[in-house]
Amino acid sequence: PSLWRGCAYWLHEMLPQWEQTGGDVSKSPRKRQALALLVHDGISAFARSYIWPLSIGNNLNLNRDLYSILKLKARSLRKEGGTLLGREDSAKLVQTDLSRTLSHLGLFEPSGPFYDELRDVLEAYCYYRPDVGYVQGMSFQAAIFVLHCNDDFAAFTCLANLISRPFFQCFYRNNSNSLMQRMQIFDRVFQSNLHDLYKYFESLGIRSDLYVSLWFVTLFAKQLPVPLCARVWDIYLVQGEIFLYRVAAGILKLLSPSLKAKESDDVLRILLGNIADELPSEQKVLAAIEQIRIPKDADTQLQKLMVQEAVQEFKSEQAAI
């Protein structure tokens, strides 16, 4: 009942305000408090189909006509071949990855109900951004959007706008400086909250980038059960990148007793495998995440990095005009 009341409040109170302000409810303390409470309590799948697109926005100004053109191009090239630009040839990897995406659900296999939608979204993105192409891991993010958005165009719009953010582009483009700084920020959070486990990983020679990069680039969609992953996304879309460091540290906090009893290979097997099998209930995972604190120096470093990336992005846009 509380979830349905929250859904009704979103539809009748929050969404009209969100649409009027472009997602900015910060000027209203009542709306801001309601937003934090609703996200904390969970958002219904029905409400997510409205809330996520509004949270992410459409700064890329994507429209259905463009999406239709991209889909037609993908289908034509798939059947007849043709000249490819940049990393467009990476589209051939999409079909290979579809059945591996959330395979336990069986929804994205050739006979599954969402196979065509997921393929269309990923191939369309590949041809929309031939400079980036399809990168393995994208299929998990796209799958979560396909499951929660009203149609494949909405899923494509959410995916393209979300992964255009510097956080994801530093992984896709292998920006070594941005990647290094993000790993430093995570290590600071990890060390501050879980000092013993951090030191144990150091003794085993397990660097954070060996596992947390995979968690980040898939937004935990490969690691967490879909309902829990959606809850994590709810909060991430409100709190921003800083929340992802808390999620990663929260997961390690819960796995800590088991990890401390294992050697290097077994630790990595767990961290790179299906950690959902190792985690307790959804509420306990969220409670563990909530207990993670962000050190001030880590927060400051992230804010500086985000400003630097925003400036670089602005300069790039100006140079392209």
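Student: What is the class make-up of the lining of the largest pocket?
Tutor: The lining of the largest pocket has 12 nonpolar, 11 polar and 8 charged residues. Please bear in mind that this is a predicted model.

Student: How many residues line the largest pocket, and which lie nearest its centre?
Tutor: The lining is made up of 31 residues. Nearest the centre of the largest pocket are Ser164, Arg165, Pro166, Phe167 and Glu313.

Student: And how much space lies in the largest pocket?
Tutor: The largest pocket holds about 970 Å³ of space.

Student: Which helices each supply at least two residues of that lining?
Tutor: They are helix H3 (45–56), H9, H10, H13 and helix H17 (296–320).

Student: Which one gives the most to the lining?
Tutor: That is H17, with 8 residues in the lining of the largest pocket.

Student: Changing topic: how many salt bridges are there in the whole structure?
Tutor: A search of the whole structure finds 17 salt bridges. As background, side chains of opposite charge can pair when their charged atoms come close.

Student: Let us take Asp131. Which side chain does Asp131 meet in a salt bridge at 2.8 Å?
Tutor: The partner at 2.8 Å, N to O, is Arg129. Asp131 also forms a salt bridge with the side chain of Arg173, at 2.4 Å, N to O.

Student: Where do Asp131 and Arg173 lie?
Tutor: Asp131 is in the loop between helix H6 (115–128) and helix H7 (138–148), while Arg173 is in the loop between helix H9 (166–172) and helix H10 (176–193). The pair therefore ties together parts that are 42 residues apart in sequence.

Student: What about Arg182 and Glu241: where do they lie?
Tutor: The side chains of Arg182 and Glu241 meet in a salt bridge of 2.8 Å, N to O. Arg182 lies in helix H10 and Glu241 in the loop between helix H13 (226–239) and helix H14 (242–259), so this pair ties together parts that are 59 residues apart in sequence.

Student: Is Arg182 buried or exposed?
Tutor: Arg182 counts as buried, at 1% relative accessibility. Glu241 is buried as well, with a relative accessible area of 9%.

Student: Which residues do salt bridges with shared partners join into one network?
Tutor: The network consists of Arg129, Asp131 and Arg173. Asp131 forms salt bridges with Arg129 and with Arg173.

Technical notes: Residues numbered from 1 in each chain as written. Predicted model: local features only at pLDDT ≥ 70, side-chain atom pairs only at ≥ 80, totals over all residues. Heavy atoms only, no water. Salt bridge = Lys/Arg side-chain N within 4 Å of Asp/Glu carboxyl O. Helix = DSSP H or I, 4+ residues; strand = E, 2+ residues; numbered from the N terminus. Buried < 20%, exposed > 50% of the residue type's maximum accessible area, 1.4 Å probe, protein only. 1 Å grid on protein atoms, 1.4 Å probe; cavity = no way out; pocket = protein on both sides within 12 Å on 5 of 7 lines; lining within 4 Å. Points joined across faces, edges and corners; volume = space filled by probe spheres on them. Nonpolar A, V, L, I, M, F, W, Y, C, P; charged D, E, K, R; others polar.
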